[in-house]
Amino acid sequence: MTELVQHAPVTKCPMNLDEIDLFAPGAQEFWFDAYKILHAEQPVVRIPGEGALPGTDGFVITKYDDIAKIVSDPIGFPQPSYGGAMMGGGRGNEPEQLDMNDAMARNTLRPNMEMHKQHRIQLTDPWVGATGAPRHREMITRTVDQLIDAWIERKPGEIEFVTDFAAVLPQIVMTNILGFPLEDMPQLKIWGEAQVRRFVYGVGHRNLLPAEEEMENAKALGEFMAYVHEQVTRKRSEPGDDMTTFLTQVDYYGRKLTDTEVIGVIFGMHIGGLETTQYALAAEAQILCEQPELFAQLKADRSKLRFFVEESLRVQAPTQGLSTRMAGSDVEMQGVKIPKGSILHLRYGAGNRDPEEFECPEMVNLERPTVGRHLTFSQGPRVCPGAGLSRLEQNIAWDRLLDRLDSLSFTPGKNDFTHQPGIMLGLWKLNVNFTKAK
């Protein structure tokens, strides 16, 4: 059985199994090439010594059907535990920062699957789920237009798409939804980066940071926790029309939430509401620059926009993989025996490009049947609760950008298309030229 050798430098596209290490420095630039080899030759790969406990291993799962089976069975494949702390997260495939408040909130608000379901229905769906997200349509549209207004008259028409649009939109939207002061956004951005630091700069499939960096990051998260506590206290005495106020007032199983529980939910919402949408918007802009005929098609027929967003999410999944499940018993997948207690690294990005599930998987196909069956937001009972909000932001953003732009193209000589490290597929920058709509 082929094994992944940790941290071998990657400087070229892998040509065979022996050259594949999904977690090596620079590997993110060649993930899609590696997935083709893994699908064909070794769809389940052992990571020696990378399990939850000494002497146990991790396993990378790359096939669509296997990942779908795992995420739909939270009893057979529970979340891994490391000395009592949960790793990775309980919100589908969204990273969830390990902190005491979140762990306590999870234990009291959703300790079992029935309460997990009610947690979604009662606490998060009304604000960020598919049913609740549309309440923010006007605010999102206004924000998109304001961001476009800031650069639409530039001559020549050139922007850095990440900092001028993709990163700012979800930050403003989530700050408004939570009811935090907009003037606090610069500091909130710093804390948001601290929440995802381990998933960008952490090592291996468990996203481990050196002890010194972990302590420094924990200090920043402690400051964020204190800030959120201040906001919760303020909202209890000065309620508004926002999610934080809602969480302080809602009845959950016949009682009010404690401050610790409210903070735990807000932590999850804040981390999940930023990077995923940022990376998706940047990837979609890159696709449209690469395929100007697709830009023209969408501009002429907005009924195809929803399909474009879903296909882009599939081929360029913002979260490529997470080690969020373990084997609850001895199992076998793709002919590989996986012992009970093994950590499973679910490679969502690979599953989304499984040729047995998606014909011509690298293509953005607006006519693809059952669009939206991708694994980008996971599936099953732990699907990402903020998927509805992210989809809404992306659809509104491109609807307004298509209204206000006649073309979008790469700025010559200003892009190297490199991605940040870690398990998130995020462009560092994307310089584009635009033509204002006539």
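Trainee: How are α7 and α8 oriented to each other?

Mentor: Two packed helices are described by the angle between their axes and the distance between the axes. Axes are lines fitted to C-alpha atoms, for helices over the stretch in contact, with angles from 0 to 180 degrees between N-to-C directions. Here the axes of α7 and helix α8 (residues 185–195) cross at roughly 105° and come within 11 Å. The two helices are therefore roughly perpendicular (65 to 115 degrees; under 35 is roughly parallel, over 145 roughly antiparallel, the rest oblique). Helices are DSSP runs of H or I, at least four residues, numbered from the N terminus.

Trainee: Which residues make the contact of α7 with α8?

Mentor: Contact means heavy atoms within 4.5 Å. Q171, I172 and T175 contribute from α7, and M185, L188 and K189 from α8. By class, the residues of this contact are three nonpolar, two polar and one charged (nonpolar: Ala, Val, Leu, Ile, Met, Phe, Trp, Tyr, Cys and Pro; charged: Asp, Glu, Lys and Arg; polar: the others, Gly among them).

Trainee: What should I keep in mind about the source?

Mentor: This is a predicted model, where local features need pLDDT of at least 70 and side-chain atom pairs count only at pLDDT 80 or more, while totals for chains, interfaces and linings use all residues. Residues are numbered from 1 along each chain as its sequence is written, and side-chain values use heavy atoms, with hydrogens and water left out.

Trainee: What span should helix α5 have?

Mentor: The expected span is 1.5 Å times one less than the number of residues. For the 13 residues of α5 (residues 137–149) that gives 18 Å, and the end C-alpha atoms are 18 Å apart, which agrees.

Trainee: Is T143 buried or exposed?

Mentor: Buried means under 20% relative accessible area, exposed over 50%, partly exposed in between (1.4 Å probe, protein chains only). T143, found in α5, is buried because its relative accessible area is 4%. Its side chain reaches the backbone oxygen of M139 at 2.8 Å. Not counting residues up to four places away in sequence, T143 touches L169 and I172. The cover over the buried residues of α5 includes α6 (161–166), α7 (168–178) and α17 (387–404).

Trainee: Which residues does T277 contact beyond its neighbours within four places in sequence?

Mentor: T277 is in contact with P170, S390, E393 and Q394. T277 is found in helix α13 (residues 275–290) and is buried, with a relative accessible area of 2%.

Conventions:
A polar contact is a pair of N or O atoms within 3.5 Å; within protein, one must be able to donate a hydrogen and the other to accept it, and residues adjacent in sequence count only if both atoms are side-chain atoms.
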